[in-house]
Amino acid sequence: MDLDDSRPIWVQLANDFRHRIVSGQWPPGSKVPSVRELAASSGVNPNTVQRALGALDSEGLTAAERTAGRFVTTRTSAIDSVRRSLASGATDSYIDTLTAIGMDLDQTAALLTERWWAPDRQGHQTTGDAS
């Protein structure tokens, strides 16, 4: 993960951890790596990681169990809600960018469909409906 100076590090870490959860890298019910492990792999202070994980705890994405560690929620509705929120933000940015360069909805939909199946995106494609 590349950290930048434009936003607080803990916010960037929390976003990265959210992506790990909604993408399934950290599946529902799985044990989250320890604060020390995450701090070492990210190259940040453990207190910064703790703050990021605290944000996920308060969102209901993770929960700390006193002696067993921290776990990803098994409530798929919470994960789905965050996934939809992240997707909405990305979609809004996409719409803003394309409308700023003069593309309309039909052109945008055609471009999205074309790029979705582009050969240079192999490994990034998903199947199924978007509902």
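This is a predicted model: local features need pLDDT of at least 70, side-chain atom pairs count only at pLDDT 80 or more; totals for chains, interfaces and linings use all residues.
Residues are numbered from 1 along each chain as its sequence is written, and side-chain values use heavy atoms, with hydrogens and water left out.

The chain has five helices and two strands; helices (H or I, at least four residues) and strands (E, at least two) are DSSP runs, numbered from the N terminus. Read from the N terminus, their order is α-α-α-β-β-α-α. The C-alpha trace spans about 55 × 35 × 25 Å along its principal axes. Of the 131 residues, 24% count as buried, where buried means under 20% relative accessible area, exposed over 50%, and partly exposed in between (1.4 Å probe, protein chains only).

Strands E1 (residues 62–65) and E2 (residues 69–72) run antiparallel and are joined by four bridges; two strands pair if DSSP finds at least two bridges between them. Three residues separate E1 from E2 in this hairpin. Alanine 64 has arginine 70, in E2, as its bridge partner.

Threonine 108 belongs to helix H5 (residues 105–116). Is this threonine 108 buried or exposed? Threonine 108 is buried, because its relative accessible area is 12%. Apart from neighbours within four places in sequence, threonine 108 is in contact (heavy atoms within 4.5 Å) with Tyr94, Leu98 and Met103. A polar atom of the threonine 108 side chain also lies 2.8 Å from the backbone oxygen of aspartate 104.

Methods:
A polar contact is a pair of N or O atoms within 3.5 Å; within protein, one must be able to donate a hydrogen and the other to accept it, and residues adjacent in sequence count only if both atoms are side-chain atoms.
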